[in-house]
Amino acid sequence: MTSPTMRSLGTEHRDRLMHFATEVSFPEGTRIFEEGQSADHFWIVRTGTVTLDFCVPGRPPAVIESLGHGELIGWSWLFSPYVWQLGAEAMTLVRAYELDAAQVRQACQADPELATAVALWVARVVAHRLQSARARLLDLYAPHGSGLTDGP
């Protein structure tokens, strides 16, 4: 499955979002956000690799996906109560566009067409992340040879 990127927004809506963007960087090993923290910004990767993970009691965080160029870091900023559902870490030096979530939500309230485009983009990202998490959980926890597969 290919990951949903900024290209899926279309030029007009992508340009609108980029109006709010500032360039940032994260050194290798930086925790960009933690599960349970306030989701007040989001990022689009320019260069580098970010891993998404979630807490597993008694174990190190489980990595569910790696993100690269053009991919969205974070979606929890769009849904109340605006709290991160996953954690994120820079695995290499990461350069990204940072967007203020409140500004983008406000722009979406003022422009229903932008709101629809952003909601569909983020929905595609969420669907992809759920599939990645499912596959990773099966890799980690399904009994070997259990017969669990994606097909009928």
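A polar atom of the Ser 76 side chain sits 3.2 Å from the backbone nitrogen of Gln 85, a polar contact (a pair of N or O atoms within 3.5 Å; within protein, one must be able to donate a hydrogen and the other to accept it, and residues adjacent in sequence count only if both atoms are side-chain atoms). Keep in mind that this is a predicted model, where local features need pLDDT of at least 70 and side-chain atom pairs count only at pLDDT 80 or more, while totals for chains, interfaces and linings use all residues. Residues are numbered from 1 along each chain as its sequence is written, and side-chain values use heavy atoms, leaving out hydrogens and water.

**Around Ser 76**
- Ser 76 belongs to the loop between β6 (72-73) and β7 (87-90); helices (H or I, at least four residues) and strands (E, at least two) are DSSP runs, numbered from the N terminus.
- Ser 76 has 4% relative accessibility, so it counts as buried (under 20% relative accessible area; exposed is over 50%, partly exposed in between, with a 1.4 Å probe and protein chains only).
- Not counting residues up to four places away in sequence, Ser 76 touches Ala 39, Tyr 82, Val 83, Trp 84 and Gln 85 (contact means heavy atoms within 4.5 Å).

**The core**
- The largest nonpolar core has 42 residues, and Trp 77 is among those with the most contacts inside it; such a core is a set of buried Ala, Val, Leu, Ile, Met, Phe, Trp, Tyr and Cys residues joined through side-chain atoms within 4.5 Å.
- Helix α3 (residues 112-141) gives this core its largest share, eight residues.
- Beyond its neighbours within four places in sequence, Trp 77 contacts residues including Phe 42, Ala 101, Val 104 and Val 122.

**Helix α2 and its cap**
- Ala 101, Val 104, Arg 105, Ala 107 and Cys 108 are buried in α2 (residues 101-110).
- Those buried residues fall within an arc of 160 degrees seen down the axis of α2, so they line one face of the helix (the arc is that of the directions from the helix axis to the C-beta atoms).
- Gln 106, Gln 109 and Ala 110 are exposed on the face turned away from the buried side.
- Asp 100 caps the N-terminal end of α2, with a side-chain oxygen 3.1 Å from the backbone nitrogen of Ala 102.
- Asp 100 itself lies in strand β8 (residues 94-100) and is partly exposed at 26% relative accessible area.

**Cysteines**
- Cys 55 is exposed at 52% relative accessibility, whereas Cys 108 is buried at 10%.
- The whole structure has zero disulfides (pairs of cysteine sulfur atoms within 2.5 Å).
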